[in-house]
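Please examine the sequence and the three-dimensional view below before reading on.

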Amino acid sequence: MQIVFIGPPGSGKGTQCGMLSDALGCPHLSTGELLRRTRGKSPLGDLVASYIDGGCLAPDFLVMPLVIKLLEQGDFHSGCLFDGFPRTVAQAAFLQNYLGERGQRIDLVLKLRVPREDLIARLSARAKLEGRADDSVEGIQRRLEIYQTRTEPVLSFYHELKIVREIDGSKAAGEVFSEIMDFVNVA
Ligand code: ADP
């Protein structure tokens, strides 16, 4: 099953994808993780890191080759949980073509909805625990704004395909997960 998770920073995409990956036994592709791992490895990796730290989207010409390489290498054919990708309409169109050429499609798009004040509280708490540079006050504001302007339009793309299901991501992780499983079981 090919499942896309869409939600603002702090909505729990990574947590829920991890739980679902364990439950379904299919890989979890987090582009945030993928991009963070390039830091310090090459000048291009450092360039990517500068976008991440500033809370901006890394440009497609840097992100796409990494995503394609991973999809080609890994065992993503029987199913994949996409976390943080696609984040722009151009990325969504790419993924649609990529899967279509291989006789596959996105089965389900899970949208995690969390009130803005909860997101800010969660990300500020994470900043203390993990020390991610983009969890600064400015980084959080910028990522929330970019989510609205660049990523929410991706939902319209998928709404037309009638595969979007919305979930209240403000509940406890276990409750959110059980709602996700309900949607996965009928998809
Ligand atoms: P969060 O959802 O909390 O912002 P992620 O780990 O998903 O955390 O992403 C962190 C950062 O990685 C983003 O702010 C962005 O800079 C970069 N990033 C992740 N995925 C993409 C993508 N698909 N396209 C461009 N940049 C991305």
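This is a predicted model: local features need pLDDT of at least 70, side-chain atom pairs count only at pLDDT 80 or more; totals for chains, interfaces and linings use all residues.

The residues around the ligand may be considered next. The ligand has 19 residues around it, and those that come nearest are Lys13, Thr31, Arg36, Cys56 and Arg143. Sorted by class, the shell consists of 8 nonpolar, 4 polar and 7 charged residues. Helix α2, which spans residues 31–36, gives the most to this shell, with 4 residues.

Threonine 31 places a polar side-chain atom 2.8 Å from a nitrogen atom of the ligand. A nitrogen atom of the ligand also lies 3.1 Å from a backbone N or O atom of alanine 58. For arginine 132, a polar side-chain atom is found 3.2 Å from an oxygen atom of the ligand. On its own, the ligand has 550 Å² of accessible area, and the protein covers 97% of this.

The aromatic rings form the last topic. How many aromatic pairs are there? The count comes to 2, where rings pair if their centres lie within 6.5 Å. One of the pairs joins phenylalanine 94 and tyrosine 98, with 5.7 Å from centre to centre. The planes of phenylalanine 94 and tyrosine 98 stand at 35° to each other, and the pair is tilted. Both residues belong to helix α5 (residues 89–101), where they are 4 residues apart, about one turn of the helix.

Conventions: Residues are numbered from 1 along each chain as its sequence is written. Side-chain values use heavy atoms; hydrogens and water are left out. A residue is near a molecule or strand if one of its heavy atoms lies within 4 Å of it. A polar contact is a pair of N or O atoms within 3.5 Å; within protein, one must be able to donate a hydrogen and the other to accept it, and residues adjacent in sequence count only if both atoms are side-chain atoms. Accessible areas come from the Shrake-Rupley method with a 1.4 Å probe; for residues, only the protein chains shown count as cover. Helices (H or I, at least four residues) and strands (E, at least two) are DSSP runs, numbered from the N terminus. Ala, Val, Leu, Ile, Met, Phe, Trp, Tyr, Cys and Pro count as nonpolar, Asp, Glu, Lys and Arg as charged, and the others, Gly among them, as polar. Rings of Phe, Tyr and Trp (its six-membered ring) pair if their centres lie within 6.5 Å; planes under 30 degrees apart count as stacked, over 60 as edge-to-face and the rest as tilted.
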